[in-house]
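Student: I am new to this structure. Please take me through one part of it closely.

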Amino acid sequence: MKSTGLKLTLVATLIVAVLVGGAAVVFGAGTQKPSGDAFSAPMASGGPAGRLALSGPWVESDDPADVGVESGWASGQFTGRLVDIPYVPNAAHVTGAAGVAAYRGGIAWYRTTLTAPRTGSYALRFESVHHIATVWLDGREIATHTGAYLPFEVGLRLREGVAHTLVVRADFRCPTCQKRAGWHRTWFNYGGINREVTLRPLARSEVEAPAVRTRLYRGAAIVDVSTTVDNRASSTRSLQARGTLGRRGSATAFAFPRVRIAPHESKRVTTRVVIKNPHLWQPGAPNLYALHVGVAGEGSWDDSVGLREVTRSGRELLLNGRRLRLHGASINEDADGHGDGLTAADMDRVVRELKAIGANATRAQHALSPPLLERLDRAGILVWQGVGPVDAPGAWTSGTPELAHAARERVRTSVRQEQLHPSVIAWNLANEIAGNGHDASQVAYISDMARELHREDPGRIVAVDLWGAHPPRVPGEIYKNVDAVALTNYIGWYEGADESRAQIASRLHSTALGFTRLFPKKVLLVSEFGAEANAANAAEAPGGYAYQSWLLRRHIATYRALPQLSGMLVWNLQDFGVAPTFAGGSIRSVIPAIVVERGLNTKGLFTYNGTAKPAAAAVARAFAALPGG
C-alpha cells in the first residue's frame with residue numbers, strides 16, 4: 001500500500017466501512033479514497049501488507065469534567081465534531097490565557113465504526129496517543145497504553161457484517177504528573193491521537209521489525225537482512241521467509257533459514273545479500289532500494305531502504321568510508337494549529353526549511369513519525385535521533401525500577417520502529433547529561449543500553465548529549481560505551497550574552513577546544529547552540545534578529561575551525577510551543593530588559609508560522625562555506 005498524502009490506493013482485499021452519523025464510506029480492493037482535506041493525513045508508505053489508514057472521519061469530543069466513563073461513552077454514546085487523524089484537540093491555542101488552559105491538558109474521546117468483510121483477526125495499530133490511551137471495541141476495553149511518540153498494537157477479532165464501534169480515550173492532564181512518572185514533555189502538552197492509526201488483517205504468520213545492515217567490501221555492498229517471524233497458528237510450524245532487494249525493476253532474491261516455531265511464538269532470522277556496484281544512500285544522492293520480505297501466501301512487509309555504511313575511525317565519523325561532518329538544525333514536531341499532529345503539508349514544510357538552510361542533517365529529541373522519516377530518507381537528510389527520555393539532567397531514571405524499565409523499553413520500541421530508515425545514523429540515549437551522570441541509575445541505563453544497541457544494531461553509532469554548562473572534570477563510566485558525545489553550547493546566550501562580542505568569541509573558542517580535549521577518543525559534535533530572536537528587541541541587542549544571526553555565524557565559524565568536531569546543529573529550525581509559563585529561562589537574569597515571547601521557544605530560524613528570520617539566510621550562507629557544504 002502506498003500513500004501520496006492526499007490519495008490512498010488500497011491493494012488489500014480488506015473492506016472497511018467507516019460510519020459516522022449514519023453515513024458509510026466503503027473502501028475495497030482496487031478502489032481509491034477521493035482526494036481532499038478529509039483524507040490528507042500522512043501515512044507511512046512502508047510497512048506490513050494490507051494496512052488501511054483510519055484517517056477519518058472520526059467523532060471527537062472533549063471531556064473537561066471527566067464524566068465520559070460513567071456516562072457510557074466507552075460504548076460510543078457521545079456526539080462531537082468530525083475530525084481526521086491525527087487530531088490534537090488543544091493545538092489551537094499555545095500562548096496567552098487560552099494557552100495556559102490548553103497546556104494543563106484534558107481528556108479527548110474519539111469514535112469511529114469498522115465493518116469487516118469476513119470474520120477474522122486484525123491488528124489495530126496506533127503510532128502515538130498522548131498521554132494515557134484507553135481503547136474499547138463494542139464497549140469492551142481491549143487496551144491501555146501510556147506515553148507519546150511510541151507505537152502500540154492491539155490484536156482483535158472482527159465479525160463479518162457487524163458494525164464494530166471503536167472508541168479511544170486520551171487523557172493528557174497534568175504535565176507535572178507526567179514528568180514525575182518519567183514522561184517529560186518536549187515541549188507543549190499536546191494531547192490526543194497525534195499520529196496515524198491503521199488496521200490490517202493478520203495472516204497465519206507475520207513478519208515484523210525488518211532491519212538491514214550494510215558493509216562495503218571491494219565495491220560491493222554486503223547487506224545483512226533480518227526480520228522476526230511470528231507463528232500465529234495453534235501448531236508448531238516450519239516456516240521460511242523470503243524476500244527481494246532491488247531498484248528500478250531489477251531485484252535480487254534471497255531466502256532466510258527455515259525455522260521451526262512453536263504456536264504463538266516468534267524467532268529472529270537473518271540472511272545475507274550481496275549487491276554488486278550498489279547505488280549508495282548519502283546526502284546529495286539518497287538512492288533507495290525496494291525491500292520485500294514475507295512468508296509465501298501469508299504475512300509480508302514492503303518498504304524502501306538505503307544501502308549505506310556508518311562507521312567511525314577514532315574520533316572521525318564515516319559514511320560510506322568518507323569523513324562526514326554534519327550541519328543543520330534540530331526539529332521539533334510542532335505546527336501552528338496542528339501541534340504535534342503533523343499533516344503531510346507540515347512535514348513537507350520541515351523538509352523545505354532544512355533544504356533552504358543547506359542542511360545535510362537534523363536532530364530530534366524524540367522518535368520522529370515514520371512518514372516524516374520517509375521524507376528525510378528521500379531528501380538525503382541525516383538524523384541524529386533521540387530515543388530515550390529527555391528530561392534534563394536525567395532524574396527520570398531515579399526512584400523506582402519501573403522508571404528505569406520504562407526508559408529502556410522506550411529505547412527498544414523507538415529503535416524497532418525506526419531501524420529501517422537510512423537517514424537515522426545515531427541513537428542518542430540522553431539529553432544534557434550533567435557531569436558524570438545524575439546518579440548510578442542513569443549511569444547503568446546509558447551503559448546497558450549502549451551495549452545492547454551495539455549488539456542489536458551495529459550499523460549505527462550510540463551517543464549522549466552533554467550539558468555544556470556542566471561538563472565533567474574527567475569523563476566517567478557513563479561515557480565508556482558510547483561512540484559519540486554531543487555538546488549543548490549556549491555561549492553568547494545563557495552564558496555571556498552581556499559580554500562584548502570579542503569576549504563571546506574568545507569564550508566560545510576556549511569552550512569548544514576544551515570539549516575536544518575532554519573526549520579525545522569519541523566522535524564529537526555540537527548538537528545545540530542558538531539564541532532567541534523576535535521583533536520586540538533591538539536588532540543588534542541580545543534577543544534581536546541581527547544578534548541571533550551574528551551569534552550563529554560566530555558559532556559555525558568556531559566549529560568549522562576545529563577539525564576534531566564532526567558536526568554542528570543549530571537549535572532550532574523553527575519556533576515551537578513550550579509551557580506558557582516559560583519566559584526565556586535564565587536569560588532574564590543575564591539580560592533583565594530582554595523581551596521574550598512567553599509560551600514560545602523562539603530560537604528558531606523560522607517563526608512559528610513558517611516565516612524565515614534573517615538568521616535562516618545567515619546560516620545558509622555559513623553552511624554553504626563549509627567544506628562539502
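Tutor: A word on the source comes next. This is a predicted model, where local features need pLDDT of at least 70, side-chain atom pairs count only at pLDDT 80 or more, and totals for chains, interfaces and linings use all residues. Residues are numbered from 1 along each chain as its sequence is written, and side-chain values use heavy atoms, with hydrogens and water left out.

Now the strand itself. E17 covers residues 197-201. Strands here are DSSP runs marked E, of at least two residues, numbered from the N terminus. Two strands pair if DSSP finds at least two bridges between them.

E17 has a partner in strand E10, residues 120-126. The two run antiparallel and are joined by 5 bridges. E17 also pairs with strand E6, residues 52-53. That pairing is antiparallel too, over 2 bridges. Here Leu 52 has Leu 199 as its bridge partner in E17.

Next, burial. Buried means under 20% relative accessible area, exposed over 50%, partly exposed in between, with a 1.4 Å probe and protein chains only. In E17, 5 of the 5 residues are buried, so the strand is largely enclosed by the rest of the structure.

Look at the faces. In a regular strand the side chains alternate between the two faces of the sheet. One side of E17 holds Val 197, Leu 199 and Pro 201. The other holds Thr 198 and Arg 200. Both faces are covered.

Note on methods. Helix = DSSP H or I, 4+ residues; strand = E, 2+ residues; numbered from the N terminus.
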